[in-house]
Amino acid sequence: MAQETAACPEEEVHAGSRPPVITVAISDRTMREDFFINDDLIIAGGCNFPGIPASEGGEKRFYKGIYRGLPANDSTLTWTQIGELPVEAAYGVTLSLPHKLIFVGGNHSAGGLSATYSLSLNTTGDAAILDTLPALPFA
């Protein structure tokens with residue numbers, strides 16, 4: 001079920017991904033922010049303007065993929081999709097706790113989100129475990 005790629009595919013590389021800590025420039029028009037669970041680099045959700053930049057009228061696209069990055073060599077990560085968020089989302093707050101991340105709110109194409117989730121990994125690290133937490137009172 002896991003899908004591996006040598007590099008995170010361009011259409012899945014985007015700003016506002018969760019959780020914000022390490023910002024990695026992937027190309028001249030996309031940024032990605034990442035975090036760790038244990039020693040696993042995790043990226044989830046986000047958005048970008050694929051094909052046509054925002055300055056030229058491009059349409060923003062939101063994503064819900066959850067990926068795990070493992071070192072393939074000194075300068076390359078191999079990305080494996082290990083799950084999906086329940087909705088396409090970006091720009092939320094992320095909290096780091098031992099062995100898990102907490103995602104709070106954010107935005108998607110229809111507006112704000114009030115949902116909160118806990119993200120952990122199964123024992124082998126090849127699947128995301130996403131638990132729903134109490135929602136915010138408003139988005």
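Trainee: Which residue stands opposite valine 93?

Mentor: Valine 104, in E8. Keep in mind that this is a predicted model.

Trainee: How many bridges join E7 to E8, and how do the two run?

Mentor: Five bridges join them. The two strands run antiparallel. E8 covers residues 100–108.

Trainee: What about threonine 94? Where is that found?

Mentor: Threonine 94 is in strand E7.

Trainee: Is threonine 94 buried or exposed?

Mentor: Buried. Its relative accessibility is 14%, and the cut-off for buried is under 20%.

Trainee: How far apart are the C-alpha atoms of threonine 94 and valine 104?

Mentor: They are separated by 6.2 Å. Along the chain, the two residues are 10 residues apart.

Trainee: Which strands form the open sheet, and in what order?

Mentor: Four strands, in the order E7-E8-E9-E10. The pairing is antiparallel.

Trainee: Which strands stand at the edges?

Mentor: Strand E7, residues 93–97, and strand E10, residues 128–133. Each has a single partner strand, so one side of each has no neighbour in the sheet.

Trainee: By how many degrees are neighbouring strands turned against each other?

Mentor: By 25 degrees on average in this sheet, with direction ignored.

Trainee: And where do side chains point in a regular strand?

Mentor: In a regular strand, they alternate between the two faces of the sheet.

Trainee: New topic. How many salt bridges are there in the whole structure?

Mentor: A search finds two. Aspartate 40 forms one with arginine 68, and the closest N and O atoms are 3.2 Å apart.

Trainee: Which parts does that pair tie together?

Mentor: Aspartate 40 lies in strand E4 and arginine 68 in strand E5, so the pair ties together parts that are 28 residues apart in sequence. Strand E4 covers residues 40–48. Strand E5 covers residues 61–71.

Trainee: Are aspartate 40 and arginine 68 buried or exposed?

Mentor: Aspartate 40 is buried, at 12% relative accessible area. Arginine 68 is buried too, at 14%. Both values count as buried because the cut-off is under 20%.

Trainee: What else does aspartate 40 touch?

Mentor: Leave out residues up to four places away in sequence. Then aspartate 40 touches Phe35, Arg68, Leu70 and Leu121. The side chains of aspartate 40 and arginine 68 are also joined by a polar contact of 3.2 Å.

Trainee: Which residues meet in the other salt bridge?

Mentor: Lysine 64 and glutamate 84, at 3.9 Å from N to O. Lysine 64 lies in strand E5 and glutamate 84 in strand E6, residues 77–84, so this pair ties together parts that are 20 residues apart in sequence.

Trainee: How accessible are lysine 64 and glutamate 84?

Mentor: Lysine 64 is partly exposed, with a relative accessible area of 29%. Glutamate 84 also counts as partly exposed, at 46%.

Trainee: Back to the strands. How many bridges join E4 to E5?

Mentor: Seven, and E4 and E5 run antiparallel. Isoleucine 43 stands opposite tyrosine 67 in E5.

Trainee: How many join E5 to E6?

Mentor: Seven again, with E5 and E6 antiparallel. Arginine 68 has threonine 80 as its bridge partner in E6. A hairpin joins E5 to E6 through five residues.

Trainee: Where is leucine 85?

Mentor: In the loop between E6 and E7. Leucine 85 is buried, at 4% relative accessible area.

Trainee: How far is its C-alpha atom from that of alanine 44?

Mentor: The C-alpha atoms of leucine 85 and alanine 44 are separated by 7.4 Å. Along the chain, the two are 41 residues apart.

Trainee: Now the whole chain. How many helices and strands?

Mentor: Zero helices and 10 strands.

Trainee: What share of the residues is buried?

Mentor: Buried residues make up 38% of the 139 residues.

Trainee: And how much of the contact total comes from residues 24 or more positions apart?

Mentor: Count contacts with a separation of 6 or more. Residues 24 or more positions apart account for 43% of those.

Trainee: Last one. What is the accessible surface of the chain?

Mentor: About 7,600 Å². Carbon and sulfur atoms hold 55% of it.

Conventions:
Residues numbered from 1 in each chain as written. Predicted model: local features only at pLDDT ≥ 70, side-chain atom pairs only at ≥ 80, totals over all residues. Heavy atoms only, no water. Polar contact = N/O pair within 3.5 Å; in protein donor to acceptor, adjacent residues only side chain to side chain. Contact = heavy atoms within 4.5 Å. Salt bridge = Lys/Arg side-chain N within 4 Å of Asp/Glu carboxyl O. Buried < 20%, exposed > 50% of the residue type's maximum accessible area, 1.4 Å probe, protein only. Areas by Shrake-Rupley, 256 points an atom, 1.4 Å probe, with all protein chains shown as cover. Pairing = 2+ DSSP bridges. Axes fitted to C-alpha atoms, helices over the stretch in contact; angles between N-to-C directions.
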